[in-house]
Amino acid sequence: MENKKELRNWLDAFGLDHPLVIAGPCSAETEEQVLKIAHQLKDSDATVFRAGIWKPRTRPGNFEGVGALGLKWMQRAKEETGMLTTTEVANANHVELALKHDIDILWIGARTTVSPFIVQDIADALKGTDKPVLIKNPVNPDLALWLGAVERFYTADVKNLGVIHRGFSTYEKTRYRNNPEWQVAVDLQNRFPDLPLILDPSHIAGRRDIIFELSQTALDLNYDGLMIETHHNPDKAWSDAAQQITPETLIKYTEDLRIRKEVGEAAEFKNKINTLRTQIDVVDHQLIEMLGKRMNIADDIGQLKKDHNVSVLQSKRWNEILGKMILQGEEKNLSEEFILRVFKAIHQESINHQEKIINN
Ligand code: PEP
Ligand code: MN
């Protein structure tokens with residue numbers, strides 16, 4: 001597959017003057033819930049109403065979705081509000097049912113994208129469809145696997161495509177439920193600038209308080225849209241309660257988000273520099289996270305040294321670290337002088353941390 005302008009025809013056809021917004025609950029729960037949320041979103045910027053009908057749960061026993069019954073509720077939501085509808089399909093049977101109920105856009109979940117066999121089955125079931133198919137990133141940060149899934153649809157003559165960035169799972173629990181690893185999506189965007197790229201901040205965050213800032217970062221990186229889980233009573237949602245926001249909050253967010261994208265020749269420079277600056281911001285943020293992590297380990301070492309009466313400064317170990325870092329720095333085109341300065345500062349901060357622990 002190569003980049004083609006046509007990849008974004010389906011999105012351009014909406015004629016929006018703002019990024020695409022897909023909103024709605026994690027799961028369809030009851031007919032009243034679906035209709036209530038759809039009506040609350042009716043006059044918002046959201047063009048597409050989402051709801052999960054079949055829910056892939058990491059552990060069995062959690063709410064696994066209402067099944068085909070919910071598709072009727074979505075049809076009704078569409079009739080009553082005029083919004084388009086989207087849901088996740090994870091096998092050929094889901095595809096058949098979703099098409100039968102006139103779902104407008106289909107998405108492939110993160111746990112499906114990891115499996116080329118299942119993706120191929122779904123692509124075969126959708127062969128030649130005009131319906132847009134949005135492919136979520138696989139749970140692991142593997143760009144080739146993500147692109148491979150997109151290509152399976154493209155090859156099955158599904159040409160209305162897009163991707164959804166929903167973050168990547170990590171063993172270690174961080175600030176995020178799923179680590180954004182922005183660079184993976186930015187690399188994909190650089191290779192396929194016309195393939196619509198949508199952020200799902202809800203599944204990256206896992207909590208509602210950072211949905212806004214994640215959405216703003218995406219817009220600063222020129223993403224084409226947002227998919228945000230929205231529920232009239234988020235705390236009582238049957239799945240993903242902590243990360244859902246109310247339709248009212250969603251409307252507020254869409255008013256407050258800054259759209260930096262401008263048009264015209266001079267604007268091209270501005271768009272590019274904004275994108276690059278946002279990439280720098282992302283990396284700076286990661287640097288601070290990593291430094292914080294390093295100091296936490298240094299604290300543990302300080303405690304151990306205290307318990308065993310060992311002195312803070314271990315010169316031999318320090319010289320080993322420095323030697324290794326200078327060599328690694330060379331591979332990345334970083335001067336010895338720079339590495340020395342950076343690591344001296346890091347080392348000093350570690351010593352300060354450890355001394356604090358030992359003297360307490
Ligand atoms: C969802 O969108 O509700 C969902 C299950 O997403 P993901 O596949 O990203 O986990
Ligand atoms: Mn969810």
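## The lining of the largest cavity

In this predicted model, 15 residues line the largest cavity, and those nearest its centre are K55, P56, E88, R111 and H203. By class, the lining consists of ten charged, three nonpolar and two polar residues.

The space inside the largest cavity amounts to about 130 Å³. With a threshold of 30 Å³ or more, the count of cavities is one.

## The ligand and its surroundings

What does the largest cavity hold? Ligand 1 sits there. Around ligand 1 there are 13 residues, and R50, K55, A110, K136 and R166 are the closest of these. This shell divides into seven charged, four nonpolar and two polar residues.

## Polar contacts and burial

Which parts of K55, A110 and K136 approach the oxygen atoms of ligand 1? For K55, an N or O atom of the side chain is 2.8 Å from a ligand oxygen. K136 likewise places a side-chain N or O atom 2.8 Å from an oxygen of ligand 1. In A110, a polar backbone atom lies 2.8 Å from an oxygen atom of the ligand.

Taken alone, ligand 1 exposes 290 Å², and the protein buries 99% of that area.

Terms used. Residues numbered from 1 in each chain as written. Chains lettered and ligands numbered in written order. Predicted model: local features only at pLDDT ≥ 70, side-chain atom pairs only at ≥ 80, totals over all residues. Heavy atoms only, no water. 1 Å grid on protein atoms, 1.4 Å probe; cavity = no way out; pocket = protein on both sides within 12 Å on 5 of 7 lines; lining within 4 Å. Points joined across faces, edges and corners; volume = space filled by probe spheres on them. Nonpolar A, V, L, I, M, F, W, Y, C, P; charged D, E, K, R; others polar. Near = heavy atom within 4 Å. Polar contact = N/O pair within 3.5 Å; in protein donor to acceptor, adjacent residues only side chain to side chain. Areas by Shrake-Rupley, 256 points an atom, 1.4 Å probe, with all protein chains shown as cover. Sits in = over half its atoms within 2 Å of the grid points.
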